[in-house]
Amino acid sequence: MTADLVLKALEEFLAQAAARFPGDTAARRPGDRAPFHWPPHPISRDFHITPHAWSEEAWIEVEGERTKVQIARSPSGIFGRSERYWNEAKGDSVEEVLAGIEQGLGELFDRQTAISDTLGWSGRFTASVRDLGPQEWVCLLYCPVRDIGHECIQHIESHASAGIFGPAMVRILRDKVHPWRRCAQWAVLDMFEDLPSFFPEPRDQDKAVAAIRDFIAENEDDYARAVYKAGVVLGGHICTDAAADALLSLLSAPHRIGRRSAIHAAFHLVEWRDHDRDRILKAVQAAAATETDPQLKAFATGIAADIEAQRFDHVSEPVFAEELQTTSSV
């Protein structure tokens, strides 16, 4: 596997997305990540249900699939388990137990369907994400079920030294087509906190920095807090000369989402570049003097004062009116 092949697979995926969502290029607001664990904890163990207690059986149907459920009765209640899917439930009646099994399988099946839908495959994906490859992992970062992307982050990071992901990750940051791109872009930014793992050469790191800079400058929404995250990555993790120059240039970004990100990140940039304190402080002070948005003007003024006083914490960043009812985190 090479970086070119991973990038080619991503380009094909994005081309297919453009065909699947014709004319729909606006970024969609993703939900928060809901951690998913399978198989769930076997509740029968907590009540010491013995093997011979599973003496009855029932059947359920979930998404057209008929599944056997073993039933056990005890003084503690009624238990059900699907051995095929390692799923259990407890209740006061068989009906309640079966409903619990159905709910658990529904969550599993929804996740499997989300994987197939994202990749453009038919049916449910019933294998393990770890059994996929680099091409699929980078594409699944776009999955609107963000825990799936989180799982892919773990696999990508464990193979970072292979040197095959960097160009595709930069391409994701520059994507303006896929409606669920904020999921993938946040994931890339999270991994770029350790940029040298993906780009050992400084020249290649500068290309990633340029992509992060342009991402902040060009996107006027902060869905998934991706723009805010991008500033943190530049100012709190990369912190090279190129990152510092990029971040300070963003103090005059064309929209206030980008400027907020840069103002906040400037505080953390000083933590890593104390030798650059005067230049950073003067840049933030100049931004405060010329800022036209009242909230950002107050924010920049406060950050400048915190930098000058060498405080360990900074004033809270403003939340804009349109964000109050629609926020999304990691």
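Where is Pro-39 found? Select the loop between helix H1 (3–20) and helix H2 (43–46); helices are DSSP runs of H or I with at least four residues, and strands are runs of E with at least two, numbered from the N terminus. The peptide bond from Trp-38 to Pro-39 is cis, with omega near 5 degrees.

This is a predicted model, where local features need pLDDT of at least 70, side-chain atom pairs count only at pLDDT 80 or more, and totals for chains, interfaces and linings use all residues. Residues are numbered from 1 along each chain as its sequence is written, and side-chain values use heavy atoms, leaving out hydrogens and water.

Next, Glu-63. Look in the loop between strands S1 (54–62) and S2 (65–74). Glu-63 is not a glycine, yet its phi is positive, about 50 degrees.

Go on to Ala-224, between helix H9 (202–218) and helix H10 (226–238). Its phi is also positive, near 65 degrees. Most residues other than glycine have a negative phi. Ala-224 counts as buried because its relative accessibility is 0% (buried is under 20% relative accessible area, exposed over 50%, partly exposed in between; 1.4 Å probe, protein chains only).

Now show H3 (residues 94–119) and H5 (residues 146–158). They pack at about 70 degrees, axes 10 Å apart (lines fitted to C-alpha atoms over the stretch in contact; angles run from 0 to 180 degrees between N-to-C directions). Arg-111, Ala-114 and Ile-115 in H3 meet Asp-147, Ile-148 and Glu-151 in H5 (contact: heavy atoms within 4.5 Å).

Finish at Glu-322, in the segment after helix H14 (294–308). At 47% relative accessibility, Glu-322 is partly exposed.
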